[in-house]
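Dear colleague,

Please find below the structure that I am handing over to you.

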Amino acid sequence: MICVKILAGDCMRLRNVKNKEEIMNQSPYLIREGISNKGCWSEVFGNDYPIYIEIGMGKGKFIIENALKYPDINFIGIEKYDSVIAKALQKIPDGLTNIRMLRADALFIDDIFDHEISHLYLNFSDPWPKKRHHLRRLSSRIFLEKYDKIFQNTKRIEMRTDNYELFCYSLIAFDEHGYFFEDLSFDYHKNGSPSITTEYEDKFSKNGCPIYYVKACKR
Ligand SMILES: C[S@@+](CC[C@H](N)C(=O)[O-])C[C@H]1O[C@@H](n2cnc3c(N)ncnc32)[C@H](O)[C@@H]1O
């Protein structure tokens, strides 16, 4: 199967959204600064439903479709670039109450949440291919230590990627950090696409790339 890597470096070539400030100022879904909500995220939503987060949500398709499908779960999409988050904010249908978008760098994730998260999605995270940058990967031990402080009880991380090297690295990192694998696939789309996909997932799978998937859990 020929796999054409058309998206490499896409995140580096971010298109500026000219009216991003206006979009962000007007959106009731944006949280610009998450630290003041640490320990109080249930109050933001006004209920005690479980909170699921996606770090690096990109343009938001995955998290928005999940919020629509699962009204009894609260979803927070986290993204570090204003132009990207502005695009995602524009896609949220009016009246959706169980979603927020947080502008933040995952490096500060443990300053933002205090044992409040039930589930973490890492979808098509930046692969940081150079060895000297591996600790910047969102599945490196640096981040896994931070995630220990944000999960409520059981820790559950779901990861999808097109990058075999990142996937193998992450499996080892999860294992070394005490996670076991509830589900694992080296060809997640083999029997058809999942009902909710990400923007990157759609592009990669359309180009014949296998999608790697793991659901890792730690009690
Ligand atoms: C390759 S894109 C994938 C987007 C989306 N998850 C998808 O699958 O279509 C990775 C996204 O993660 C964001 N990102 C990378 N590192 C991040 C970090 N440390 N904190 C927050 N967002 C980050 C990037 O800005 C980019 O939008």
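S3, helix H4 (residues 82-91) and S4 make up a β-α-β unit that is right-handed, a term used when, with the strands pointing away from the viewer, the path from the first strand over the helix to the second runs clockwise. Helices (H or I, at least four residues) and strands (E, at least two) are DSSP runs, numbered from the N terminus.

Please note that this is a predicted model, in which local features need pLDDT of at least 70 and side-chain atom pairs count only at pLDDT 80 or more, while totals for chains, interfaces and linings use all residues. Residues are numbered from 1 along each chain as its sequence is written, and side-chain values use heavy atoms, with hydrogens and water left out.

The sheet

The order S1-S4-S3-S2-S5-S6-S8-S7 describes an open sheet of 8 strands with mixed pairing; two strands pair if DSSP finds at least two bridges between them. Strand S1 (30-31) and strand S7 (180-185) each have a single partner strand and stand at the edges, so one side of each is left without a neighbour in the sheet. S1 runs parallel to S4 and is joined to it by 2 bridges; Leu30 has Met101 as its bridge partner in S4.

Strand S3 (residues 74-79) is largely enclosed by the rest of the structure, because 6 of its 6 residues are buried (buried means under 20% relative accessible area, exposed over 50%, partly exposed in between, with a 1.4 Å probe and protein chains only). In a regular strand, side chains alternate between the two faces of the sheet. Both faces of S3 are covered, with Asn74, Ile76 and Ile78 buried on one side and Phe75, Gly77 and Glu79 buried on the other.

S3 is joined to strand S4 (residues 99-103) by 5 bridges, and the two run parallel; Ile76 stands opposite Arg100 in S4. Strand S2 (residues 51-55) is also parallel to S3, with 5 bridges between them, and Glu54 has Gly77 as its bridge partner in S3. From S2 the chain passes through helix H3 (residues 61-69) to S3, in a right-handed β-α-β crossover.

The ligand site

The ligand is surrounded by 17 residues, of which the closest are Gly56, Glu79, Ala106, Asn123 and Thr198 (a residue is near a molecule if one of its heavy atoms lies within 4 Å of it). By class, this shell holds 7 nonpolar, 4 polar and 6 charged residues; Ala, Val, Leu, Ile, Met, Phe, Trp, Tyr, Cys and Pro count as nonpolar, Asp, Glu, Lys and Arg as charged, and the others, Gly among them, as polar.

An N or O atom in the side chain of Thr198 is 2.7 Å from an oxygen atom of the ligand, and one in the side chain of Asp105 is 3.0 Å from a ligand nitrogen atom. A ligand oxygen atom also lies 3.4 Å from a backbone N or O atom of Glu199. The ligand taken alone exposes 600 Å², and the protein buries 94% of that (accessible areas come from the Shrake-Rupley method with a 1.4 Å probe).

Asn123 belongs to strand S5 (residues 119-123). With 4% relative accessibility, Asn123 counts as buried. Its side chain makes a polar contact with the side chain of Glu54 (3.0 Å); a polar contact is a pair of N or O atoms within 3.5 Å, and within protein one must be able to donate a hydrogen and the other to accept it, while residues adjacent in sequence count only if both atoms are side-chain atoms.

Yours sincerely
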